[in-house]
Amino acid sequence: MFPWPPQKHSGNTNMGGGTAAKEHPVEYFCASTLAAVVNYPLWRASALGQSGFRVCLAGANPLISNAASSFPALVPYFYAFSPPYKGMMATVMGMSWARAAIFYGSDRGKEVLESMGVSNTMSTVLPPLVVSTAVQCINMPLVRATITLQNPESPVRNIRESLRKIHASHGLSGLWHGTSAGILKTVPKYVTAVVVKDYVGKALPPVDPTSPTKDRDNLINSAIKSSAAGVAGAVLTNPLDVIRNEMFKTNLGLTDAVKALHKELGWDFLVRGMSKNIVAVSIPVASTIFFTDAFIQYTNSREDC
C-alpha cells in the first residue's frame with residue numbers, strides 16, 4: 001500500500017510535469033479539444049448503449065450492414081462511426097470547454113490552495129469537486145440535447161431542434177432534468193480522475209532532468225497516470241451514467257428511473273454499457289491528460305531552445 005499522500009519528489013504533479021498550470025491555459029484547451037474530436041464516435045456508442053436506444057442499420061452501407069450482422073455486439077460501434085454525425089460540433093465543443101475547465105481549474109486551484117497553506121488532500125479534492133459541479137450545471141441542457149439526439153429513431157435533426165423539443169415537451173426546467181444524476185456521475189468521475197492522476201504521478205519514480213531520454217520518460221509516466229485516472233473514473237461512475245441516460249430517455253425522476261431500471265434488468269443495470277463506457281469515458285479522460293502533458297512539454301522545449 002502506498003501512503004497517502006505519497007512522498008513528494010521534485011516538481012509537482014500538475015499536468016506538464018512541474019510547470020504552473022496558469023502558464024498554459026491554451027494547452028489545456030487544445031488538448032481537451034483534440035481528445036473530444038478523436039473520441040466523439042466512442043462517446044456516441046456509449047450514449048447508445050447506456051440509453052438503450054434501438055439501433056437499426058437497414059439503410060446503411062451494405063458493407064457495414066453485412067459486418068454488423070456478423071458481429072451484432074458491435075452494432076452500436078458501426079452506427080456510431082457512420083454518418084450522419086448529428087450534433088457532432090456542439091458535442092465536441094461542449095466536451096472541449098468542460099474538460100479543459102475541469103482539469104485546468106483543478107490544477108490551478110490546487111496551486112492556489114497550496115500557496116495558502118491548505119493541506120494536500122483538500123487542495124487535490126476541493127477544486128475538481130467545485131469546478132466539475134459548476135461545469136455540469138452549466139453544460140446540462142447541451143448534454144441532454146446531444147444524448148437525446150443520438151436516438152436513431154428520433155426525427156430530430158440537430159441540437160437546436162433537440163433543445164426546442166425538450167423545452168416544448170417539458171418546459172425550461174426540462175433542459176436541466178437529470179442534473180442530479182449528472183452531478184452524481186460527473187463530479188465523482190473527475191474527482192477520482194484528478195486524485196488518481198496526482199497519486200500515481202507522485203508514486204511513479206521521478207524522471208532525471210539530466211537524462212537524455214527525459215522527454216520520453218516524462219511521456220511514459222504521463223501515459224501511466226493518464227490511463228489509471230481514466231479507467232478509475234469510468235468504472236466508478238458507470239451506474240450513474242446509466243441512471244442519467246434513463247432519466248433523459250423517459251423523463252422520470254432519479255428514484256423512479258432507478259426503480260424502472262431495476263424492474264427491467266435487475267441489478268444488471270449497474271453494468272449496462274460498461275464495456276462501451278470504459279472505452280468512451282476512460283480514453284477521453286486519459287487522452288486529455290496525456291495530450292495536455294505532451295503539449296506543455298512541447299511548449300516548454302520550444303521556449304528552452
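This is a predicted model: local features need pLDDT of at least 70, side-chain atom pairs count only at pLDDT 80 or more; totals for chains, interfaces and linings use all residues.
Residues are numbered from 1 along each chain as its sequence is written, and side-chain values rest on heavy atoms, with hydrogens and water left out. Local features need pLDDT of at least 70 and side-chain atom pairs count only at pLDDT 80 or more, whereas totals for chains, interfaces and linings use all residues.

Helix 7, which runs over residues 179–203, has 25 residues and reaches 35 Å from its first C-alpha to its last, close to the 36 Å expected at 1.5 Å a residue (the expected span being 1.5 Å times one less than the number of residues). Of these 25 residues, 18 are buried, so helix 7 is largely enclosed by the rest of the structure; buried means under 20% relative accessible area, exposed over 50%, and partly exposed in between, with a 1.4 Å probe and protein chains only.

Helix 4 (residues 88–115) packs against helix 5 (residues 120–149) at an angle of about 165°, their axes lying 8 Å apart. Helix 4 is therefore roughly antiparallel to helix 5, a term for angles over 145 degrees.

Six aromatic pairs are present in the structure, where rings pair if their centres lie within 6.5 Å. The rings of Tyr 40 and Tyr 85 have centres 6.3 Å apart and planes at 75°, so this pair is edge-to-face (planes over 60 degrees apart). Tyr 40 belongs to helix 1 and Tyr 85 to the loop between helix 3 and helix 4, 45 residues apart. Tyr 40 counts as buried at 1% relative accessibility, while Tyr 85, at 35%, counts as partly exposed.

Terms used. Helices (H or I, at least four residues) and strands (E, at least two) are DSSP runs, numbered from the N terminus. Axes are lines fitted to C-alpha atoms, for helices over the stretch in contact, and angles run from 0 to 180 degrees between N-to-C directions. Angles under 35 degrees count as roughly parallel, over 145 as roughly antiparallel, 65 to 115 as roughly perpendicular and the rest as oblique. Rings of Phe, Tyr and Trp (its six-membered ring) pair if their centres lie within 6.5 Å; planes under 30 degrees apart count as stacked, over 60 as edge-to-face and the rest as tilted.
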